[in-house]
Amino acid sequence: MAYKSLLTITTDKDTCGTALTRAIDLARAGDSHLDVQCLGIDRTQMGYYYGGANVLIQQDALETAQKAAEELEAEVRAQLKAEDISWACETVVTQMVGVTRVVTHRARFSDLVVLPKPYGEGCGQEHEVIMEAAMFEGNAPVLVIPPNNTAPIAPRRVTIAWNESAESLAAVRAALPMLQGADFVNIAVIDPPTHGPDRSDPGGALSQMLARQGVTAEISVLAKTMPRVADVLTRHVRDLDAELLVMGAYGHSRFREAILGGATRDMLEMAEVPVLMAH
């Protein structure tokens, strides 16, 4: 099992450059194909302008988005042409309301989507929308890369955030290629339920499942001694010198779509190492 179809979506080189570089490295290491989508976003919100101006403003915004996307594609293609991997690059221009549809279509046919952190300096609303679309609508695992990250492409030390949920299990299954290549895997269980099915052996069933996949894992049962679960996980990842965190992604309903839940958002804001998430 391996990630043979990779996807990364770039809206600008400053914010997305590290994610693109890591996606290229992953494609080379796994002999995989990389699709790069250069997204030009027309940020016009119709209905907020004086009568008669809408068409002109919309056309100007569309041309600006098209030009920015073409310039970005030229930069990306120049970088990819120097790489010894299989790749394809396309430009898509859309308004903000269309980002979910565009990303969803590509993500559905990808084994792994590599994206930058959606929060932090230089990040806009579109980065969160792209991540939500890939995970919730595209149903694809997402590898989130912090800016300027230099962790190894094949992580040797991995932490799994485990709470017995379907989301956590989906993330573990999506991470199996990386877990199988790691030297050290830790299952972190924070305040396990006293009446859960695995109350006598938190994380034991997962450890057994992983062992059958050739992954030897140790279990850490942690107390929630800090206000947020993300705080506890961040400290634990630091203590173990982990190079990858695997965790489920949670969301809330927003009509027919979803938005990132509090715990997921907190972890993405604080992430210091790559985070592999699935829903």
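The structure is a predicted model, in which local features need pLDDT of at least 70, side-chain atom pairs count only at pLDDT 80 or more, and totals for chains, interfaces and linings use all residues. Residues are numbered from 1 along each chain as its sequence is written, and side-chain values use heavy atoms, leaving out hydrogens and water.

Ten strands build an open, mixed sheet in the order E3-E2-E1-E4-E5-E12-E9-E6-E7-E8; strands (E, at least two residues) and helices (H or I, at least four) are DSSP runs numbered from the N terminus, and two strands pair if DSSP finds at least two bridges between them. Strands E3 (86-95) and E8 (217-222) are the edges, each pairing on one side only. Within the sheet, E6 (residues 157-162) and E9 (residues 244-248) pair in the parallel sense over three bridges, and Thr159 stands opposite Leu245 in E9. Helix H5 (residues 166-180) packs on the sheet, with E6, E7 and E9 among the strands touched; contact means heavy atoms within 4.5 Å.

Turning to the helix pair, the axes of H7 (residues 229-240) and H8 (residues 262-270) come within 9 Å and cross at roughly 40°; axes are lines fitted to C-alpha atoms, for helices over the stretch in contact, with angles from 0 to 180 degrees between N-to-C directions. Ala230, Asp231, Leu233 and Thr234 of H7 meet Asp266, Met267 and Met270 of H8.

Finally, Asp201 lies in the loop between E7 (184-190) and H6 (204-211). Asp201 is partly exposed, at 43% relative accessible area (buried is under 20%, exposed over 50%, partly exposed in between, with a 1.4 Å probe and protein chains only).
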